[in-house]
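Here is a colleague's note to read alongside the model. Please keep the viewer open while going through the points.

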Amino acid sequence: MNQLARPLLRIQSAHRLGLRQLATTIKPATFRAANYSQHFSPSGLHRAMSTNRDVSHLTDISKSKPDQDGSFKRKPSSFRDFIQKGGKFEPEKGRYHLYVSYACPWATRALIVRKIKGLEDFVDVSVVSPRMGEHGWPFASVDAFPGADADPLFNAQHVKDLYLRAKPDYEGRFTVPVLWDKKTSTIVNNESSEIIRMFNAEFNHLLHADKAAIDLYPEAHRKEIDEINDWVYDTVNNGVYKSGFAATQQAYEAAVKPLFESLDRLEKILTGKDYLVGDQLTEADVRLFVTIVRFDPVYVGHFKCNIRTIRDGYPAIHLWLRKLYWNNPAFSSTCNFEHIKTHYYWSHPHINPHRIVPIGPVPNILPL
């Protein structure tokens, strides 16, 4: 054996020894050829390293900057694929996982529709902790808040880890809900308005007839639903955030006044009615409910939306809210006031630096 061959042989032997030692520390079921490439291939290593990339400029809300005029501008969602028959993401039982926060109004839209449509056995769910810190939404493995879950798929510590796993160079917002495809190991969609449309229609052929028959976006009312959704989103759903995150008096007033003008408008629409559109529950009700149920417990105080409260200033909206909450388990079972109040008052130290969570209102929602 020549002198050049001996070092090479030693390197090869050390490499084999290292793999044998590594194999003894990993459960045999996980140390298979299929998983070897996942963990040790260049792409696997790149993915693992990407989840440790510093993205605090995106996850730490205290580092976010308003526009020059002091107003809050919400950036659009980034993952916009769709579950549909014949497409890349087929509707299949057990294929998809939904990551949510009980605190987040956008995420609870998806939880409500999942419950209404009877999709609990089709799309499983994990709930994050409401205490969103410098690394964003944490799982229970990092913050074991009551009602929070560990990530069952990857044992991720934060929601940001899922985004970076799907797209290592991701530079957008790390939001919930996240609809994850277990088959292709990526994010299908993180836009709640689109997720609820998928849940409403794309699994119907797999559901029992009674659940398949429920239509939250009926053809006959789509034009009216879309019109209401448009101004309700801008002035109410997002209006509370534009009020609360405003950095100047002018920007605050430019948001809070249209908010209450829209609440006045909704009060007229709902007077003598159980639903916003027609005589049936639609996605317009779901989209409005998640903001209204948080209004008195959070937005009145924390976001300075205090011209009037729902319970004392809007009798028709208040009755509509309570009927949905107390008469339909899809609304009450997905509403966790401890998560809601803790999230807002704890996670926005630039607004509430001492992170004191108020006791009231008592009760969080009044009985019928």
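The numbered points below go from the whole chain to single residues.

1. Overall make-up. This is a predicted model. The chain has 16 helices and 4 strands. Of its 368 residues, 48% count as buried. The accessible surface is about 17900 Å², and carbon and sulfur atoms account for 54% of that area.

2. Contact range. Take the contacts between residues at least 6 apart in sequence. In 69% of them, the partners are at least 24 apart.

3. The core. The largest nonpolar core holds 96 residues. L179, F199, L263, F289 and F295 have the most contacts inside this core. Helix α12, residues 283–302, supplies its largest share, with 11 residues.

4. F289. This residue is one of those with the most contacts inside the core. Which residues does F289 touch, leaving aside its neighbours within four places in sequence? The partners are I112, W320, L321, L324, Y325 and F331.

5. α11 against α12. Two packed helices are described by the angle between their axes and the distance between the axes. Helix α11 covers residues 249–270. Its axis lies 14 Å from that of α12, at an angle of about 110°. That angle makes the two helices roughly perpendicular. From α11, the contact uses L259, F260, L263 and L266. From α12, it uses L288, I292 and F295. The crossing is left-handed.

6. α9 against α11. Helix α9, residues 222–237, is the next partner to check. The axes of α9 and α11 come within 8 Å and cross at roughly 130°. The pair is therefore oblique. This crossing, too, is left-handed. On the α9 side, the residues are W231, V232, T235 and V236. They meet P258, L259, S262, L263, R265, L266 and I269 of α11. L259, L263 and L266 of α11 also take part in the contact with α12.

7. S262. Leaving aside neighbours within four places in sequence, S262 is in contact with W231, T235 and V236.

8. Cis peptide bonds. Look at V176 and P177, which are joined by a cis peptide bond with omega of about 5°. P177 sits in the loop between α6 (159–166) and β3 (178–181). G360 and P361 are also joined by a cis peptide bond, here with omega of about 0°. P361 lies in the segment after α16 (337–347).

9. Positive phi at S185. Phi of S185 is near 55°, a positive value in a residue other than glycine. S185 lies in the loop between β3 and β4 (186–189). S185 has a relative accessible area of 18%, so it counts as buried, the limit being under 20%.

10. Positive phi at R355. R355 is not a glycine either, and its phi is positive, near 55°. R355 is in the segment after α16. At a relative accessible area of 32%, R355 is partly exposed.

How values were computed. Residues numbered from 1 in each chain as written. Predicted model: local features only at pLDDT ≥ 70, side-chain atom pairs only at ≥ 80, totals over all residues. Heavy atoms only, no water. Buried < 20%, exposed > 50% of the residue type's maximum accessible area, 1.4 Å probe, protein only. Contact = heavy atoms within 4.5 Å. Areas by Shrake-Rupley, 256 points an atom, 1.4 Å probe, with all protein chains shown as cover. Core = buried A, V, L, I, M, F, W, Y, C linked by side-chain atoms within 4.5 Å. Axes fitted to C-alpha atoms, helices over the stretch in contact; angles between N-to-C directions. Parallel < 35°, antiparallel > 145°, perpendicular 65-115°, else oblique. Left-handed = near helix turned anticlockwise from the far one by under 90°.
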